[in-house]
Amino acid sequence: MIYIISQFIGFAAFFVSIFAYHKNKKEKILGNMVISNILNLIHYLLLGAYTGCITKGLAIFRDSFIIMKDRNKKYNKSIYLYIFIIAYIIVSIFAYKNIWSLFPLIAAIIYLIPIWNGNQKVVKQTALLCYFLWLAYNIFVVSIAGIISNVISIISTGIAVYNKKIMK
């Protein structure tokens with residue numbers, strides 16, 4: 001029963017994230033992503049997939065901080081970016097279980113820099129790589145919701161990146 005509940009929560013997280021990318025402002029996108037990440041945190045916690053859970057917890061804090069730094073320029077310093085990278089590395093060391101347990105954390109570090117800087121083109125290209133890492137992790141932890149959402153995200157983002165290249 002817990003597994004089924006976790007899958008419903010995982011699908012809810014996916015739907016919230018889909019709507020996030022239809023928002024016009026970065027702040028609103030990240031606000032929706034915080035909600036999606038909270039749901040994903042619960043999803044992975046119920047699955048016993050603790051690396052995914054921890055990664056989503058850091059993502060909640062990361063996205064909230066990025067919203068704050070965009071509002072208040074005193075937080076828009078590289079030192080904070082480095083603190084996040086170091087935090088992900090430390091968590092990776094403590095959360096290490098096997099090679100698969102590193103995939104969400106590697107994806108988070110890869111995604112951090114473009115989302116920090118806000119370059120939409122680079123965010124989309126980087127997200128594509130990160131979705132593949134999350135897909136492998138979701139297969140390993142048997143998250144049906146995660147697998148389906150990653151496959152859909154890979155296809156959707158792949159189309160968006162491909163269309164941008166054609167338009168140029």
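This report covers the core, ring pairs, charges, cysteines and selected residues of a predicted model.

Residues are numbered from 1 along each chain as its sequence is written, and side-chain values use heavy atoms, with hydrogens and water left out. Because the model is predicted, local features need pLDDT of at least 70 and side-chain atom pairs count only at pLDDT 80 or more, while totals for chains, interfaces and linings use all residues.

## Core

A nonpolar core is a set of buried Ala, Val, Leu, Ile, Met, Phe, Trp, Tyr and Cys residues joined through side-chain atoms within 4.5 Å. Buried means under 20% relative accessible area, exposed over 50%, and partly exposed in between (1.4 Å probe, protein chains only). The largest such core holds 36 residues. Tyr44, Tyr88, Leu112, Trp116 and Tyr137 touch the most other members. Five helices each supply at least two residues of this core: H2 (26-47), H3 (50-71), H4 (78-95), H5 (99-117) and H6 (120-141). The largest share, 11 residues, comes from H6. Helices here are DSSP runs (H or I, at least four residues), and strands are E runs of at least two, numbered from the N terminus.

Leaving out residues up to four places away in sequence, Tyr88 touches Thr55, Leu58, Ala59, Arg62, Leu105, Ala108, Ile109 and Leu112. Contact means heavy atoms within 4.5 Å.

Thr55 lies in helix H3. Its relative accessibility is 2%, so Thr55 counts as buried. With the sequence neighbours up to four places away left out, Thr55 touches Tyr88, Pro104, Leu105, Ala108 and Trp134.

## Aromatic rings

Rings of Phe, Tyr and Trp (its six-membered ring) pair if their centres lie within 6.5 Å. Planes under 30 degrees apart count as stacked, over 60 as edge-to-face and the rest as tilted. The count comes to 13 aromatic pairs. One of them joins Phe65 and Tyr75, with centres 5.9 Å apart and planes at 70°, so this pair is edge-to-face. Phe65 sits in helix H3 and Tyr75 in the loop between H3 and H4, 10 residues apart, and the pair links distant parts of the chain. Phe65 is buried at 9% relative accessible area. Tyr75 is partly exposed at 22%. Ring pairs also link Phe61, Phe65, Tyr75, Tyr80, Phe84 and Trp116 into a cluster.

## Charges

A salt bridge is a side-chain nitrogen of Lys or Arg within 4 Å of a carboxyl oxygen of Asp or Glu. A charge sits over a ring if NZ of Lys or CZ of Arg is within 6 Å of the ring centre and within 35 degrees of the ring normal. The whole structure has 2 salt bridges.

| Pair | Type | Distance |
|---|---|---|
| Asp63 and Arg62 | salt bridge | 2.9 Å, closest N and O atoms |
| Lys69 and Asp70 | salt bridge | 3.3 Å, N to O |
| Lys56 and Trp134 | Lys over ring face | 4.4 Å from the ring centre |
| Lys69 and Trp116 | Lys over ring face | 5.0 Å from the ring centre |

Asp63 and Arg62 are both buried. Lys69 is buried too, with a relative accessible area of 3%. Its salt-bridge partner Asp70 is partly exposed at 30%.

## Cysteines

A disulfide is a pair of cysteine sulfur atoms within 2.5 Å. The whole structure has 0 disulfides. Cys53 is buried at 11% relative accessible area, and Cys130 is buried at 5%.

## Two further residues

Gln7 lies in helix H1 (residues 2-20). At 7% relative accessibility, Gln7 counts as buried. Apart from residues up to four places away in sequence, Gln7 touches His43, Leu47, Val142, Ser143, Ile144 and Ala145.

Ile159 is in helix H7 (residues 144-167). Is Ile159 buried or partly exposed? Ile159 has a relative accessible area of 46%, so Ile159 is partly exposed.
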